[in-house]
Each structure stands twice: as structure tokens, then as C-alpha cells.
Protein chains: 2
Amino acid sequence: MAYRKAAAILAGSCTVSAFQSTLLNRGIPLSSGQHNNLRRFSSNIILAMNSGPSFCEKCGTAMEIRIPHGDERERHVCGNSSCGYVSYQNPKVVVGAICTHLDRVLLCKRAIEPCKGKWGYPQGYLEIGETTRQGAARETWEEAGVKFDASKCQLLALYNLAGIQIQTIYRVDLDDDTFEAGHESSDVKFVPWNEIQWDELAFPTVHWGLEHALAMKDEEKPIVQERTKLVTMDGQWKVEEG
Amino acid sequence: MAYRKAAAILAGSCTVSAFQSTLLNRGIPLSSGQHNNLRRFSSNIILAMNSGPSFCEKCGTAMEIRIPHGDERERHVCGNSSCGYVSYQNPKVVVGAICTHLDRVLLCKRAIEPCKGKWGYPQGYLEIGETTRQGAARETWEEAGVKFDASKCQLLALYNLAGIQIQTIYRVDLDDDTFEAGHESSDVKFVPWNEIQWDELAFPTVHWGLEHALAMKDEEKPIVQERTKLVTMDGQWKVEEG
């Protein structure tokens, strides 16, 4: 029950206080520790709630939260019955590229939040009209001024982030080491594998990707790593291997 | 240029006729054959255009198409400058599961469009709050009444569809062969590999997935297949291998 309800909160179809009331009604009062954990867990939830639409994007009418006909879960539905538009909220796709040249890996220092000042490989949201490998190539061009042929890269990893994001990470060996920092990067460099500052990386997934790229660097065809970062109901992270 | 502009059309930030004007202005008039091809190519584009928001989901104001500050491409932006909400359009994630039991594979006959009456493995859109493997397990439960432990399945394939969708396909060996058709399936059965009716499958990707699952069926750890279905500017499909 708790998981399903949490998913409903995450989907923006239930408020955190309504969730607490539900728990109370079912005889599951929260201790103050649990309450704090729920608040921590809620940061992602609130983010997702805020991203739910208040108004219909087709006709501008206020949206309602209810189960549409023929569906099994609550959605954001247009309050104007002659419109009836249903807004589906789905996880987004992030694409990234781990680029190497002569046993050094391309890293960018983030000029923007989150994790401004920390290091990572080029990555960002997949855009409509491009494939995951084209997106990885575009992000590398935008963040590091490095171009590569999207048909030449290899899939290295699939990461899931707590039901809000999936990441497809590629690797590619570059023909040269020219670069030019884009406006999202305050610095760009090629770093020898044994000089990576692992505690200066932006996200756990960046750590995962680089670690796996290093493990696979002598393999002609890399194993595709699958990892999942789940948020558990006690507010902790849990990592699952694929 | 043509590709970038086509992507802009696909993103809903450019109309087909504006695209034709652009080609004309640059001295690239379209022959009637090319024009027809563009119209065919445009079916996806127009779909994507129609899915763009007309009204702001935050405040209900009419949306405009322009390049937001700090961005590099046209987006749907709220016309109310005190709101300024930017609506990002991104490809969606589809998850699927190829379930086997004693060398037979679970197939569902589609009770809904598109490709009603054709066969496929359970698949559908990834929901907020779930991971790709959880989504694959949910779709299998909804369409075929078959339950499996999401932690037991293995990533089998990543498919890209023309910049509008990415698919992650899993495989799992089931403990038994009980099932119950869900409301999206008119029939469900376990089919021996050598009795699959390949010309009765719903989508090219279903063909790809089953073909690859068959090729990998004796491998303890399957190779993850990457395939891309690209729409070329002459309106044809083109398949790229990863």
C-alpha cells in the first residue's frame, strides 16, 4: 500500500499530507523519525507534484485529478468534459557520453546547478527528433566543443533514477583531443584514468559510468551495465544491479 | 540544415509550410516527388506538432514558440512574461518484456489500435514512479495476467524510434505458464519459438525483439541489442545497428 500511495504522490495525484492522513486512517501513525524521513523522501515527490499541470495545455481549463475512463490510475484530466485531455506524466531520458583519447577521459566542470563546480561527462535531456546516441553527441558538442560521429559510439550503461529519469550512457574513442568549454562548463579537460578525482564527481551515476567505462576499456564490445537508484520508504537510497 | 530544420518541425517549433519556404529561400525548391515525400515524412512531425501545448499548464495563458533566454532552440514558452514557463517536449520511454516458459514465448493479440489483431509481447509507456524493469513487469501483468519478479529480468534491447520514443526490452524466464488476458489483449498464448508467425507481429520492433531473444536464448547473459529506426528526409525508414 505504502509504495503504491508513494507512487501516487510521486505522480502528483496525492499530497504528502493526504498520504499522512491515509496512513493515520489505516492505523499507521508516523513517528517523528519516520515523519522526517517522509519529508526527505518527499523532495522528489514535491518536485514531481509541482511539475503536474494546473491548466489544460489544449484548451486552458483547470485540470482535475481523477481516473480517466478505461484507465487504472489517477491522471491529470481536463475539467472541461468537451475537451477531456489527459496529461500523462512520464520519466525523462538523459543521455551521456564518456569520450576517451589515448587513455584519458573527457570531463567537464559544471558551471550550473545542480552540483556546480563538480565534474562529470557530458550529459543532458534527450530532445524530440533525435536518437539517444545523437543526443549524447549533441550534449558533448554543447558542453565540451567535442564532435564525434554518433554511429561510432557504443552503449555502455542504462541507469534508472527512482522512477523519474532513465539514462543511456555511451562510450566513444575520439580521433583527437581538441575541445572548447560550452556555457554549461567552467572547465574541460582530458584526465588520465588514474588521475580521476573520484570524490569531485557530480553525481553517483557519473561515478558508476566512469567506473564501468574503466572496467570495460580493453573490451572491444562492452557489457551494458544496468543499475537502479531506488528511493526506499525510509528515505534512504538503495542501489539495485541489473 | 535540412535535418536540423526537420527536427525543429518535429519539435513543433516550425510548420511544414515554413520549412518549405525556408528551402525555397535557400534555393532548394522541392520537386513534386520530394513534396510528397515531405508530406509522408511529416506524419510524425505533425503528430509531434499537435502534441505541443497551446496553453500554459501553469497559468493557462496561450503559449508562444520562441528561443528562451539561455537556450539554443525554439521551445513552447508561456506568453505571460510574469509566468514564463517553458514546456519541454521529450521522447517517451516504452518498456516491454519477452517472457518464456519451457522454450515457449508469451504473446498477446492486441485488442486496441495501433495494429489491433496483431501479436506482440507485453509493452507500454513507462510511468512516473517506476523503473524500466518494474514497468515491464507491470505491463506484463496488465496485458497478460502474468506476474514476475522485476529483479529477475535481464535487459535485452534498446530501440530508438525516429526521435520520438525509446524502448527498453527485458527478458525473463517464468516459473509457470498461467495467464489471463487483460483488457488490452483479445488473446494470450505461449508459442513455441519455431511456431511464431512472424508476419502476424504488430511492429518491426516486436520482430527485432523476438528475433534477438531467440538468438540469445541459450546465453546466460544476453548481449544488449541496440537498433534505431530513423526517418530519412526522403520519407523512408532506415535501420541503424548499435
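Which helix of chain B holds B:Arg138? B:Arg138 sits in helix 4 of chain B, residues 132-144. Helices here are DSSP runs of H or I with at least four residues, strands are runs of E with at least two, and both are numbered from the N terminus.

## Basis

This is a predicted model: local features need pLDDT of at least 70, side-chain atom pairs count only at pLDDT 80 or more, and totals for chains, interfaces and linings use all residues. Residues are numbered from 1 along each chain as its sequence is written, chains are lettered from A and ligands numbered from 1 in the order written, and side-chain values use heavy atoms, leaving out hydrogens and water.

## Symmetry

Chain A superposes on chain B by a rotation of 180° with 0.0 Å of shift along the axis, at RMSD 0.0 Å. The two copies are thus related as by a two-fold rotation axis. In chain A, the residue closest to the axis is A:Gly60, with its C-alpha at 2.4 Å.

Of the interface residues of chain A, 100% are also interface residues in chain B, so the copies meet through the same surface.

## B:Arg138

B:Arg138 is buried, at 13% relative accessible area. Buried means under 20%, exposed over 50%, and partly exposed in between (1.4 Å probe, protein chains only). The B:Arg138 side chain reaches the backbone oxygen of B:Tyr125 at 3.0 Å.

Contact means heavy atoms within 4.5 Å. Beyond its neighbours within four places in sequence, B:Arg138 contacts A:Arg73, B:Tyr125, B:Leu126, B:Glu127 and B:Glu130.

## Cysteines and core

A disulfide is a pair of cysteine sulfur atoms within 2.5 Å. For A:Cys56, the nearest cysteine sulfur belongs to A:Cys83, 3.7 Å away. A:Cys56 is buried at 0% relative accessibility.

The largest nonpolar core has 46 residues. Such a core is a set of buried Ala, Val, Leu, Ile, Met, Phe, Trp, Tyr and Cys residues joined through side-chain atoms within 4.5 Å. A:Phe148 and B:Phe148 have the most contacts inside the largest core.

## Backbone

The peptide bond from A:Glu113 to A:Pro114 is cis, with omega near -5°. A:Pro114 lies in the loop between strand 5 (104-110) and strand 6 (119-120) of chain A. The bond from B:Glu113 to B:Pro114 is also cis, with omega near -5°.

B:Leu102 is not a glycine, yet its phi is positive, near 45°. B:Leu102 is exposed, at 66% relative accessible area.

Definitions and conventions. Copies are superposed by least squares on the C-alpha atoms of residues with pLDDT of at least 70 in both. A polar contact is a pair of N or O atoms within 3.5 Å; within protein, one must be able to donate a hydrogen and the other to accept it, and residues adjacent in sequence count only if both atoms are side-chain atoms.
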